[in-house]
Amino acid sequence: MEIKTPFIWKNWELRDWDDTTDHNLTHTLHYGWWVFEWIRFYDTDKWAKIFRLKEHIERFFYSASVLGLDIPYSIEEIMNACIETVAKSGVNTWYIRPIAYYGYGKMGLYPEGAKIETVISVWKWGKYLADEAIDVKISHIRRIHPMTTDIKAKITGNYVNSVMVSLEIHKEWYDEGLLLDTEWYIAEGPGENIFFIKEWQLYTPALGNLLPGITRDTIKGLYKEIFGKEVIEEKITPDKLKEFDEAFFVGTAAEVTPIGSITTEDGEKIEYSSWETGSVSNSLKTLYLDTVNGKNKSKLDWLY
Ligand code: PMP
């Protein structure tokens, strides 16, 4: 397996990559009842640095609390375990995947008594979305409703919705999908938040029916830094899409990905100039990459 690194951290010890298997009757495997984070680390002039580790691990613990998963370590211990696993990985720019789940020992829906497993893997993953502007399609599948699950948590069960969208749009050769919520407002991508630009002003869908992404928060901060303005967070319907000049996706994996077009459910293709030199999307993409790579000296406290 090309993505392999030497060790996986599991329940306080570093194990060999191939020595971390679980039993087929692991509780989590049956009910999608576990939590995860997607974290990236980058090559900076101080070697590997993890971007916004604290916020990711805080969200990890929040997600765990939603499932009643009482991780037997502190936030600080898991942050240190991530730093140690990266240091032992021998590489300086890849992904970290912490997960926590109910293990072997219980099969009913109510998981009390099952052992809690905590695992941190570091592995190789290239670009998540294409480097150039991507073509996006609004999915026929709606975003899960916040009254049926906790949408703010990274619970694996929530991701059935995202995977269904990915399957749908890849069949049609689009690069990525865009989900509306059940009230027809734009929510987010299957693994990304979205921003729009009109006359240099940034807009993003208001919280409520989407994951409050850490990159979304980063972009709000960077926009303020270079443009001195706040992002407008509001409900956006798809018929407003034509009014925007640019659009881009953001996420830990997607970083800042300019969107070249969005095709509506009726098949209308709306094109954006997000990929052009000098566009706001491209300026923010450059500033984001400078920030994660430690070149934006005003944001060094985001690197661990
Ligand atoms: N929305 C969804 C559904 C996601 O899975 C992700 C990726 N974690 C995001 C948005 C972006 O979140 P973040 O910037 O914290 O990676």
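This is a predicted model: local features need pLDDT of at least 70, side-chain atom pairs count only at pLDDT 80 or more; totals for chains, interfaces and linings use all residues.
View 1. A contact here means heavy atoms within 4.5 Å. Local features need pLDDT of at least 70 and side-chain atom pairs count only at pLDDT 80 or more, while totals for chains, interfaces and linings use all residues. Residues are numbered from 1 along each chain as its sequence is written, and side-chain values use heavy atoms, with hydrogens and water left out.

**View 2. Two domains and where they meet.** The domain assignment (automatic or from a database) gives domain 1 as 7-123 and domain 2 as 134-297. Their C-alpha centres lie 26 Å apart. Look at the place where they touch: 23 residues of domain 1 are in contact with 24 residues of domain 2.

**View 3. Helices and strands.** You can trace six helices and 16 strands in the protein. Both are DSSP runs numbered from the N terminus: helices are H or I with at least four residues, and strands are E with at least two.

View 4. Of the 304 residues, 53% count as buried, meaning under 20% relative accessible area with a 1.4 Å probe, protein chains only. The protein exposes about 14000 Å², and carbon and sulfur atoms supply 54% of that area; the areas come from the Shrake-Rupley method with a 1.4 Å probe.

**View 5. The overall extent.** Along its principal axes, the C-alpha trace spans about 55 × 45 × 35 Å.

Methods:
Buried means under 20% relative accessible area, exposed over 50%, partly exposed in between (1.4 Å probe, protein chains only).
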